[in-house]
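Q: I keep hearing about salt bridges, and I'd like to learn how to read one. Could you walk me through it?

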Amino acid sequence: MAGLSAFSIARLPRIAFGAGVRSTVGACAAGYGRRALLVTGGTSLRAGPFWAELEQAFATAEVAVEQVQIADEPSPDQIDAAVRAYQGADIDVVVAIGGGSALDAGKAIAGLLRPGHSVLDHLEGVGPERPYQGPALPFVALPTTAGTGSEATKNAVLSQRGEEGYKKSFRDEALVARDALVDPDFLQTCPRSVLAANGMDALTQLLESFVSTRSNPFCAALALDGLKQAREALVPLYEDPTDAEARAGMAYASLLSGVCLAQTGLGSVHGLASPLGAFFPIPHGMACGTLVAKATEINLSALRAREPENPALEAYATVGRLFAGDQGLSRHAAWDALLEQLWRWTEDLQLERLSAWGVTQADHARIVANSRGSSMKTNPIVLRDEEIAAILAVRQ
């Protein structure tokens with residue numbers, strides 16, 4: 001063990017993974033009390049094949065359920081409205097079932113129902129950024145997509161869209177889910193475009209955490225395993241959501257991506273995804289998937305030119321060898337293999353260009369100026385403005 005660097009791992013949820021674990025949600029909630037606030041997305045869950053089963057699980061466990069729907073990425077106003085509506089309802093536990101937006105909303109609501117004040121008090125880079133002192137209600141997360149890994153993080157990402165928009169986090173270890181019930185079966189009802197975008201988000205999170213300036217041996221091992229699963233499952237799931245093995249692989253990869261990003265931070269792709277999601281109606285996973293190949297290319301070029309001894313260069317080569325299935329590749333060949341695979345996925349999954357969401361070259365300077373948030377700070381090298389702009393230009 002003599003060469004291992006010191007590291008620490010923040011709190012994680014109790015994790016239950018596997019087909020059918022959704023059926024335990026009622027009993028899980030009952031462990032915290034008899035009144036639950038259920039946070040879901042728009043209408044797809046209620047219209048799908050699992051809704052009746054989920055309702056029955058709560059009924060069997062004798063848990064009374066109040067419900068909140070979050071149809072899009074959650075805004076501070078939506079969080080504050082939910083807190084006002086249910087603060088006096090004697091809620092014992094918050095359960096969120098849905099994609100990253102529903103889970104982030106549930107996380108924020110669970111953190112604020114008892115204190116009762118506005119989320120703007122704690123939102124980084126927006127309000128007074130007062131320290132969060134809790135207490136938070138117990139939070140149970142059931143992801144229905146494979147992308148954000150929100151079930152394993154302390155971040156509740158909130159968005160205010162528009163000209164003066166922002167995408168910022170309310171974050172604290174007290175917000176981490178007590179239980180994460182990760183059921184791959186939920187993925188069989190996801191549209192293919194959602195599977196593609198979210199899958200590329202998970203892959204990007206795994207890659208960025210692996211090369212992050214805060215990478216550590218524990219998370220590196222998890223990230224590599226997640227990248228292996230994503231390599232094998234991403235396209236098969238996109239082509240056939242009924243493929244149970246592919247569903248499990250991507251659900252697992254997404255979970256690991258959340259575990260890793262919570263400990264190590266991310267990089268330039270997520271640095272750009274924040275202003276893109278704030279200024280334009282582009283889904284988060286779509287922004288990540290469409291930029292990751294060029295961002296990796298720019299990082300590699302900058303590292304080779306300015307920091308040739310940076311350990312991220314070998315980390316990128318490790319991923320390239322994994323994707324190519326050839327551990328004997330030289331560094332240069334491995335870098336080429338990595339980029340080739342990332343570009344291939346971008347095209348094979350039919351990810352839309354930024355222009356499809358209203359992004360023009362005239363917007364680049366504003367996006368770049370707002371890209372240097374927390375994610376950009378753990379990119380393996382500090383990128384120049386023109387390098388960040390080049391990432392945007394390639395998929396314009």
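Q: About how many helical turns separate Lys294 and Glu297?

A: Side chains of opposite charge can pair when their charged atoms come close. Here, Lys294 and Glu297 sit about one helical turn apart, because they are 3 residues apart in helix H10 (residues 284-306); helices are DSSP runs of H or I, at least four residues, and strands are runs of E, at least two, numbered from the N terminus. The two form a salt bridge (a side-chain nitrogen of Lys or Arg within 4 Å of a carboxyl oxygen of Asp or Glu), with their closest N and O atoms 2.7 Å apart. By the way, this is a predicted model, where local features need pLDDT of at least 70, side-chain atom pairs count only at pLDDT 80 or more, and totals for chains, interfaces and linings use all residues. Residues are numbered from 1 along each chain as its sequence is written, and side-chain values use heavy atoms, leaving out hydrogens and water.

Q: Is Lys294 buried or exposed?

A: Buried means under 20% relative accessible area, exposed over 50%, and partly exposed in between (1.4 Å probe, protein chains only). Lys294 is at 15%, so it counts as buried, while Glu297, at 28%, is partly exposed.

Q: Which residue forms a salt bridge with Glu73?

A: That's Lys167, with the closest N and O atoms 3.4 Å apart. This pair links distant parts of the chain, 94 residues apart: Glu73 is in the loop between strand S3 (64-69) and helix H4 (76-86), and Lys167 is in strand S7 (residues 166-171). Glu73 counts as buried at 16%, and Lys167 counts as buried at 11%.
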